[in-house]
Amino acid sequence: MTGPDGVFKEADDGLATTVADAPPRSLADLTPGARTSVLRVVAVQEPALVRRLHDLGFTPGAVVEVVRRAPLRDPVLYRVRDYEVCLRRAQAECVHVTEAER
């Protein structure tokens, strides 16, 4: 389950039994056609990358759709805030996401 700070915590019984209890995934894990919502952007070693991704629209709550991948899976085209942006896999791994509300 997720604690008040948004960090994944194991359920009291030691089992994560619901989808809500699953740890956040990154944008790099998603397949084309997936629609998701940004939880947070994390890049401990590169604060400039976090700022850049925020400037591109990857802010908490933003809805992101995976449009398509390049033939070798890198880069990937994402639709965020009514425009499209390409990210490399390493950049996409910094964006933690959850299932988008419908």
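This is a predicted model: local features need pLDDT of at least 70, side-chain atom pairs count only at pLDDT 80 or more; totals for chains, interfaces and linings use all residues.
Partly exposed residues are those whose relative accessible area falls between the buried class, under 20%, and the exposed class, over 50%.

**View 1. Salt bridge between Glu-93 and Arg-89.** The closest N and O atoms of Glu-93 and Arg-89 are 3.9 Å apart, and the two residues form a salt bridge. Glu-93 has a relative accessible area of 41% and is therefore partly exposed. Arg-89, with a relative accessible area of 31%, is also partly exposed. This pair belongs to a structure in which a search of the whole finds five salt bridges.

**View 2. Salt bridge between Asp-74 and Arg-88.** The side chains of Asp-74 and Arg-88 meet in a salt bridge, with an N to O distance of 3.7 Å. Asp-74 is placed in the loop between β3 (63-69) and β4 (76-80), while Arg-88 is placed in the loop between β5 (83-87) and α2 (89-92), so the pair ties together parts that are 14 residues apart in sequence. Asp-74 counts as partly exposed, at 29% relative accessibility. For Arg-88, the relative accessible area is 47%, and this residue is partly exposed.

**View 3. Network of salt bridges linking Glu-65, Arg-79 and Glu-84.** Glu-65, Arg-79 and Glu-84 are linked through salt bridges into a network. Within this group, the side chains of Arg-79 and Glu-84 meet in a salt bridge at 2.6 Å, N to O. Arg-79 is partly exposed, its relative accessible area being 34%. Glu-84 is likewise partly exposed, with a relative accessible area of 41%.

View 4. Thr-36 belongs to strand β2, which spans residues 35-41.

View 5. The structure holds zero disulfides. Such a bond would require a pair of cysteine sulfur atoms within 2.5 Å. Cys-86 has a relative accessible area of 44% and is partly exposed. Cys-94, by contrast, counts as buried, at 11% relative accessibility.

Terms used:
Residues are numbered from 1 along each chain as its sequence is written. Side-chain values use heavy atoms; hydrogens and water are left out. Buried means under 20% relative accessible area, exposed over 50%, partly exposed in between (1.4 Å probe, protein chains only). Helices (H or I, at least four residues) and strands (E, at least two) are DSSP runs, numbered from the N terminus. A salt bridge is a side-chain nitrogen of Lys or Arg within 4 Å of a carboxyl oxygen of Asp or Glu.
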